[in-house]
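Here is a short briefing to read with the structure open beside you.

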Amino acid sequence: MSGIQTMGQKNLMFFSGRAYPQLAEEVARNLGVEITPTSLRDFANGEIYVRYLESVRGCDAFVIQSHTAPINQWIMEQLIMVDALKRASAKRVTVIMPFFGYARQDKKGRGREPITARLMADLFKQAGADRLMSIDLHTSQIQGFFDGPVDHLFAMPILIDYLRDKIDPATTTIVSPDTGRVRLAERWSDALGTPVAFIHKRRDLDVANQVKVNEVVGKVRGRTCVLIDDMIDTGGSICKAADALYDHGATNVIVAATHAVFSDPAVDRLKNSAISEVIVTNTLPISEEQRFDKLTVLSIAPLIARAITEVFTDGSVTSLFEGDS
C-alpha cells in the first residue's frame, strides 16, 4: 500500500477581529470554545499586522468581524486575517460577517457606478475564504457574488419570538418600508398571521440617505403597525415611514430591524419620533450613547453559534429556519 493514512479529527478554531469583541466572546460561549489567541496591532502609518499565537494547520477556521465604523479598517483587518490563515495552512476558512459591509451597493443604479458588494465578495475569495456567513443581506442576490457556499442567516425568528407576546395578530399589520422588502414582510405575515402593507417611496439619487415617502398601500388604519427593515442607518427613512403610517390612521408603530448602523443623527431621530419601540439585534456594536429608552436589543450570538456548529459538523443550516434559508 502506498501513501500514509492518519486517523485525523476535525478541529474547529474560532477567531475574532478587534471591531466587536463582545459579540465574538458571546458566540464563543455559546459554542463552548475559546477565541484563538491572536496578535493584532496597527503600525504607525495605519497598516494592520496579524499573527496567530497557536498553530492553525489543518483546522476548520471561523473568522468573525462586524463591519462597523470605521468600516474600511475592519474589513481590511478581516481580509488580512483570512490571508494569514491560508498561508498558515488552515484547511477551510469561513468568514463570518454579521453585517455585510457595502451590501447596499449591489447593483448599478446609474452609469459609471460600482457594484461594491461584488467587489467585497471577490476580495474575500482572493484572500482565501472558502465560505461566507452573514445575516439578513440587503438583497439575496449578493449570495451569487461569491464563488462558493454562502450561509444567509435570518434574524426574523429571533425578532418574531420577541414580538409574539407583545402584539395581537387580529389588530396588527406587518409593513414593508419599500417594495423591495415586500417578500420579507410576507414571510413575517405568514409566521404571525397578519396582513401586509407597504410604503411606496422614492430616493433622491443625488443625495445619500434622502427619502421621499409617497403613499401607504394596505390596511393600517386603527391598527398596530410593525415596520420591518434590514438596517437602520441615519433613521430618516424609517422615521418618515412611521410618520406616513400615523398619517394614514395607524394607532401604534413598532420598528423591527436587524442591523443597528445608527449613523448620526439616527439616535436623535428615533428617540424623538412617535415610534413606540425600536427592536434590533446586536450584529453591530451599540454604544451606551446610542441606547435610549424605547430601544430593545436582542442577541444574535446563539444563532451564529448554531450555524457554525451545523457548518462544522456538515449539518443543515437551512434547518435552522425551517426551510426559509
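Searching the whole structure turns up 2 cavities of 30 Å³ or more. A cavity here is a set of points, on a 1 Å grid over the protein atoms alone, where a 1.4 Å probe fits but cannot get out, and lining residues have an atom within 4 Å of a point. This is a predicted model, in which local features need pLDDT of at least 70 and side-chain atom pairs count only at pLDDT 80 or more, while totals for chains, interfaces and linings use all residues. Residues are numbered from 1 along each chain as its sequence is written, and side-chain values use heavy atoms, with hydrogens and water left out.

**Cavities**

- The largest cavity holds about 50 Å³ of space, a volume being the space filled by probe spheres set on the points, with grid points joined across faces, edges and corners.
- Its lining includes M97, F100, L132, M133, S134, Q143 and V150.
- Strand 6 (residues 131–135) is the top contributor to that lining, giving 3 residues; strands (E, at least two residues) and helices (H or I, at least four) are DSSP runs numbered from the N terminus.
- The lining of the largest cavity counts 9 nonpolar, 2 polar and no charged residues. Nonpolar covers Ala, Val, Leu, Ile, Met, Phe, Trp, Tyr, Cys and Pro, charged covers Asp, Glu, Lys and Arg, and the others, Gly among them, are polar.
- About 30 Å³ lies in the second largest cavity, which is lined by S16, G17, Y20, L23, A24, I64, Q65 and S66.

- Five strands form an open sheet in the order 1-4-5-6-7, paired in parallel; two strands pair if DSSP finds at least two bridges between them.
- At the edges, pairing on one side only, are strand 1 (12–16) and strand 7 (150–153).
- Strand 1 pairs with strand 4 (residues 60–64) over 5 bridges, in the parallel sense.
- S16 sits opposite I64 of strand 4, and both residues also line the second largest cavity.

**Annotated positions**

- An unreviewed UniProt entry lists H138 and D178 under "binding site"; such annotations may be inferred rather than shown by experiment, and positions follow the numbering used here, with feature names shortened.
- These two are spread over 41 residues of sequence yet cluster in space, with a largest C-alpha distance of 12.6 Å.
- H138 lies in the loop between strand 6 and strand 7, and D178 in the loop between strand 8 (172–176) and helix 5 (182–192).
- Leaving aside residues up to four places away in sequence, H138 touches A103, R104, R181, D230 and M231, contact meaning heavy atoms within 4.5 Å.

Methods: On a 1 Å grid over the protein atoms alone, a cavity is a set of points where a 1.4 Å probe fits but cannot get out, and a pocket is an open set with protein on both sides within 12 Å along at least five of seven lines; lining residues have an atom within 4 Å of a point.
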